[in-house]
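The following exercises concern a structure shown below.

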Amino acid sequence: MKQKIVLIVLLVFLVSSFSFADDFSDAILKAKKNLKSAENKSDEKALIKVRGEFERILQLKKNTWIVYYYLSYTDFTIASTYMKDQVKDKIKKYTESGFEMINKSIEGNPDFSDSYVMQMLLNFNRWIYEQDKMNDIISATTAADEMAKKLDPNNPRYYYTSGVSSFYTPEMFGGGVDKALVSLNKAYELFQTRKEKEDYYPDWGLENVDGFISLCYLQRDKEGDMAKAKEFLDKGLAVNPDSGFLKEYVQKQYDEKNKK
Amino acid sequence: MKLFFIAVFILSLSGISHSQSKDSTITNSVKISGFIKGENSKAIEGANLVIEGTIDGATSDNIGYFEFETDKTGKRILIITAIDYSEKKLDIEIVPDKDLQLNINLSKSNYSTDEITVTASSFTSGENSKVTLTPLEIVRIPGADADLYRAITTFPGSNQVDEGSRIAVRGGDPNEVLTILDQASLNNPFIFDNDNNVSSFSTVNPWGLKGINFSSGGFSAKYGNVLSAVLDLQTYDIPKNNTLFAILGLANAGLSGVFANKEGSLGGTFTAGQFFLRPMLLINHTDADYSPLPTATSLGGTLSYKVSKTGYLKFYADYNSDNLGIKSQTPTYEGYYRGKSKNFFTNLALSVTPTAVSLLNVSVSSSIFNRKINFGILDNTSDDIYAKIRSDFSMPITNKIDIGTGAEYEYSGYNSDGTYPYYFYNIALNAPNFAYSSKNNTGRFGAYAETRIRPHDNFYIVAGVRGDYHTLSQNFNFDPRLSVVYRLSKFSFLKGATGIYHQYAALSDYALSFNNNLKPMQAIHYILGYEFNKDNDFIFRVESYYKKYSNLVSNSTYGFLYGSDGEGFAKGADMFFKVRFKPKFNGWISYSYTDSKRKQYATGPLESADYDITHTISVVGTYNITDYLTAGITYHISTGKPYTPVFGSVFDSTQSAYIPFYADYNSDRFPTYTRIDINAQYIFSFFGKFAVAFLALNNVLDDKNLYGYTYNFDYTRKIALRSNNNRVIYFGMGFQL
């Protein structure tokens with residue numbers, strides 16, 4: 001009798017846990033979907049709202065490290081919406097919040113490569129508002145780079161971030177489109193076979209890789225590059241037809257180049 | 001069977017409650033809404049509200065409005081958070097079918113996670129401080145020649161000595177400024193120092209520094225044996241990459257590099273440089289007659305090892321030497337002033353964190369400085385020997401109180417040997433002279449304790465005491481010090497400082513005192529200032545100060561031995577205004593007013609101090625013409641430095657020389673000093689590697705600034721000695737290897 005009661009209690013407990021797990025998964029997947037939608041439109045207000053969604057998920061006190069990761073990612077994305085008009089105090093506000101969130105994520109799980117990729121991205125923003133600390137920015141970026149690669153040498157988002165960094169670094173400083181293409185092509189290959197451990201793990205980046213490969217070809221402008229640029233632009237739009245980055249930015253760059 | 005049905009019943013209950021919580025259309029729900037505001041009733045957008053333990057909540061919009069529905073009832077806690085604001089928890093009661101309206105106010109969280117510079121009169125640079133001077137700005141300041149000390153003189157309150165790198169601060173003497181490098185005292189960080197009409201240069205590489213803190217007064221109890229100002233420098237721990245960099249210019253060639261192993265546990269730096277003047281003189285005219293031409297050599301480096309996750313062991317070694325001869329004229333002798341010096345400095349420093357929040361630094365340092373001077377009958381060799389062991393410990397006690405404490409023992413030795421003229425005004429080769437040798441040494445024990453307190457979010461205090469004991473004079477000094485900062489708003493501060501500062505006289509002075517009986521020189525500082533600093537893009541600072549001096553080394557009225565009867569004061573006001581319009585323009589204006597008087601004798605009036613330079617203005621601007629081309633201009637103007645004129649003379653047949661009669665000490669002034677410098681730097685790719693080309697034109701208008709006065713043999717004619725810093729063009733290139 002006693003055994004049967006224990007069994008029933010255990011069953012109830014398992015079902016309850018499953019309920020809460022469902023709550024967490026459901027909530028985080030819903031927030032992730034809303035994040036994608038807001039990011040596509042580069043909608044600052046929608047992103048702020050999504051940030052609130054993630055922050056509330058912290059109350060479930062489950063896998064908070066991944067929630068903090070998404071808070072950091074959302075902060076970074078909100079900061080990106082201010083890049084066009086270079087609104088420095090907003091870029092700084094959300095970048096520093098992003099750092100605070102990713103540090104909390106790392107405290108909870110120091111072995112997640114994507115957290116260090118996030119640090120690399122946030123450190124890029126610091127060039128906008130605190131160039132005078134360039135030695136610190138370089139050393140922080142290098143440290144994050146080493147950790148990201150060490151923890152997951154096949155993380156496509158690591159190669160994407162390295163590629164974007166090379167794209168925006170003048171050739172004389174060791175960057176340039178040819179160097180960027182090496183990293184971006186590697187990212188592209190890795191995305192083809194990538195499968196994340198959980199469905200709520202970050203899986204962003206493939207259409208961004210396509211977009212930046214397209215931009216590299218547009219900038220390099222050697223024979224055959226225009227066709228390659230179109231090829232990757234189309235690939236990216238096939239992955240995410242709503243991508244604002246591809247539709248509003250890369251497509252426009254392609255159209256302008258094509259006119260000439 | 002019964003148990004089976006119970007299990008199914010319980011399971012279905014779980015399923016029902018789960019599906020209810022998932023259902024977006026909540027029946028019997030309550031609407032919670034309202035507004036969130038911050039300071040001055042300003043709406044907060046993006047604030048997050050959530051019922052504790054649930055995901056029921058909302059985010060406020062651009063007018064601070066929020067609303068959400070919940071099926072939770074009873075006594076709950078509502079958590080409100082927003083970036084830059086302190087979290088708030090509100091007890092609420094949710095009654096079924098009764099909507100809840102709330103108006104919530106949030107207060108700003110502690111403004112900075114960065115360290116606030118809790119010291120008046122500070123200019124800092126570094127990873128965790130309010131930056132006002134970066135290594136990039138240092139190397140770009142026209143006229144500074146990439147020299148840290150010369151760059152500092154563009155800030156208020158600091159004046160160059162003979163247009164070189166040694167500085168005098170707020171009316172004090174140059175020897176009242178202490179340079180600290182990773183806890184070690186850097187006693188001779190210059191080449192061509194105190195050489196006749198040849199400007200000194202510092203040997204500190206600004207690119208190797210992770211922290212620069214220059215305080216022109218009111219500094220903490222950490223620093224002992226210094227009267228006026230402290231330049232506290234910290235070098236980098238371990239480099240993050242491997243680089244080799246070469247530089248070749250009209251007057252210098254150098255090689256520097258950084259290396260680190262893959263694990264980041266071992267790394268180092270090195271620099272080697274040679275200064276030479278010949279190519280510079282081929283292109284630029286000079287009236288100076290050199291023999292030999294000034295040359296200098298430097299060699300140095302660091303080796304760092306990561307002893308733990310947060311601990312480092314760092315060894316720093318540096319060797320510098322210089323040699324020059326320059327023709328100089330005095331009433332009794334015309335010939336070459338020849339000077340040679342060598343300096344070897346080492347420092348071994350350990351930095352560890354005994355606990356997660358405490359820091360312990362221990363260092364052992366030494367230096368040997370040898371100097372040889374020959375000018376007329378004066379022929380002297382001297383050695384300054386120095387060694388120090390020091391430790392500093394700091395930790396927070398609570399989240400509002402930090403403590404720091406430390407102790408040090410410093411050994412100084414001074415040996416001098418040579419031939420000296422009997423009378424300072426007669427250095428002819430046949431002048432009366434005497435041979436003199438002296439050996440002197442002393443130890444100094446020092447200890448301090450200080451606390452940093454934040455009684456209120458906007459109010460910081462640093463209070464400390466230190467004591468030092470000087471073994472040679474057997475004197476003890478006790479120095480209480482206090483600094484306060486009150487934050488008036490997010491960007492503005494009121495700062496004040498006061499304290500007692502002591503400095504022991506140079507060993508060469510003790511050698512000329514009665515029974516080593518010189519008291520520690522004393523200065524009491526009073527400082528009050530205001531600063532507005534918006535993210536270092538806009539800085540306005542104004543500060544007033546008063547320094548009361550006593551026990552200064554003085555001349556005895558009746559004999560030639562030194563005493564401690566000197567006294568005086570220095571008072572004034574500094575203004576600093578800096579703007580940065582990223583990414584194009586960076587510039588600042590500094591102004592200082594100084595009134596500094598001293599008594600040279602036990603009795604007698606207060607007279608102008610040697611660096612009583614009444615008004616000084618510096619204007620600096622750098623402009624990024626393109627992403628790769630930068631140009632800059634610096635304009636200095638200062639009223640004349642005091643000097644003591646000669647008003648007559650009498651012939652002394654025993655010496656076959658005239659004895660000058662001096663007017664009151666420092667009763668006359670040099671003409672106003674002015675100088676304009678411009679420079680440009682161009683960054684480009686050199687065989688695929690980073691390179692920078694630079695061009696400088698110093699003293700553009702060829703202002704004939706004065707180095708000093710000399711006289712003809714009988715003092716009937718005053719001869720102006722023009723500074724050798726004529727209009728000079730200088731260019732070179734640096735490139736990565």
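**Exercise 1.** How far apart do the C-alpha centres of domain 1 of chain B and domain 2 of chain B lie?

*Solution.* The model is a predicted one, in which local features need pLDDT of at least 70, side-chain atom pairs count only at pLDDT 80 or more, and totals for chains, interfaces and linings use all residues. Residues are numbered from 1 along each chain as its sequence is written, while chains are lettered from A and ligands numbered from 1 in the order in which they are written.

Step 1. Domain bounds come from an automatic or database domain assignment; for chain B this gives domain 1 (28-105) and domain 2 (122-736).
Step 2. The C-alpha centres of these two domains of chain B lie 58 Å apart.

**Exercise 2.** State the strand order of the open sheet of 3 strands in chain B, and identify its edges.

*Solution.* Step 1. Strands (E, at least two residues) and helices (H or I, at least four) are DSSP runs, numbered from the N terminus. Two strands pair if DSSP finds at least two bridges between them.
Step 1. The order is E4-E1-E7 in chain B, with mixed pairing.
Step 2. Strand E4 (65-70) and strand E7 (100-105) of chain B each pair on one side only, and are the edge strands.
Step 3. Neighbouring strands of this sheet are turned by 20° against each other on average, direction ignored.
Step 4. Strand E1 (residues 30-37) of chain B runs parallel to E7(B), and 6 bridges join the two. Opposite B:Gln101 in E7(B) stands B:Ser33.

**Exercise 3.** Describe the secondary structure and the domains of chain A.

*Solution.* Step 1. Chain A has 11 helices and 0 strands. Its C-alpha trace spans about 85 × 40 × 35 Å along the principal axes.
Step 1. The domain assignment of chain A gives domain 1 (25-143) and domain 2 (154-260). Their C-alpha centres lie 21 Å apart.
Step 2. Residues are in contact if their C-beta atoms, placed from the backbone, lie within 7 Å. The contact takes 16 residues from domain 1 of chain A and 11 residues from domain 2 of chain A.
Step 3. On the side of domain 1 of chain A that touches domain 2, helix H1 (2-41), helix H3 (64-81) and H5 each supply at least two residues.
Step 4. That side has 9 nonpolar, 4 polar and 3 charged residues (Ala, Val, Leu, Ile, Met, Phe, Trp, Tyr, Cys and Pro count as nonpolar, Asp, Glu, Lys and Arg as charged, and the others, Gly among them, as polar).

**Exercise 4.** At what angle do helix H4 (residues 88-108) and helix H5 (residues 113-129) of chain A pack?

*Solution.* Step 1. Axes are lines fitted to C-alpha atoms, for helices over the stretch in contact, and angles run from 0 to 180 degrees between N-to-C directions.
Step 1. The angle is about 155°, with the axes of H4(A) and H5(A) 10 Å apart. H4(A) is therefore roughly antiparallel to H5(A) (over 145 degrees; under 35 counts as roughly parallel, 65 to 115 as roughly perpendicular and the rest as oblique).
Step 2. By class, the contact of H4(A) with H5(A) has 8 nonpolar, 6 polar and 3 charged residues.

**Exercise 5.** Which residues make the contact between H7(A) and H9(A)?

*Solution.* Step 1. Helix H7 (residues 156-168) and helix H9 (residues 206-220) of chain A pack at an angle of about 25°, with their axes 11 Å apart. H7(A) and H9(A) are therefore roughly parallel to each other.
Step 1. H7(A) contributes A:Tyr160, A:Gly163, A:Val164 and A:Phe167, whereas H9(A) contributes A:Asn208, A:Val209, A:Phe212, A:Leu215 and A:Cys216.
Step 2. These residues divide into 7 nonpolar, 2 polar and no charged.

Notes. Contact = placed C-beta atoms within 7 Å.
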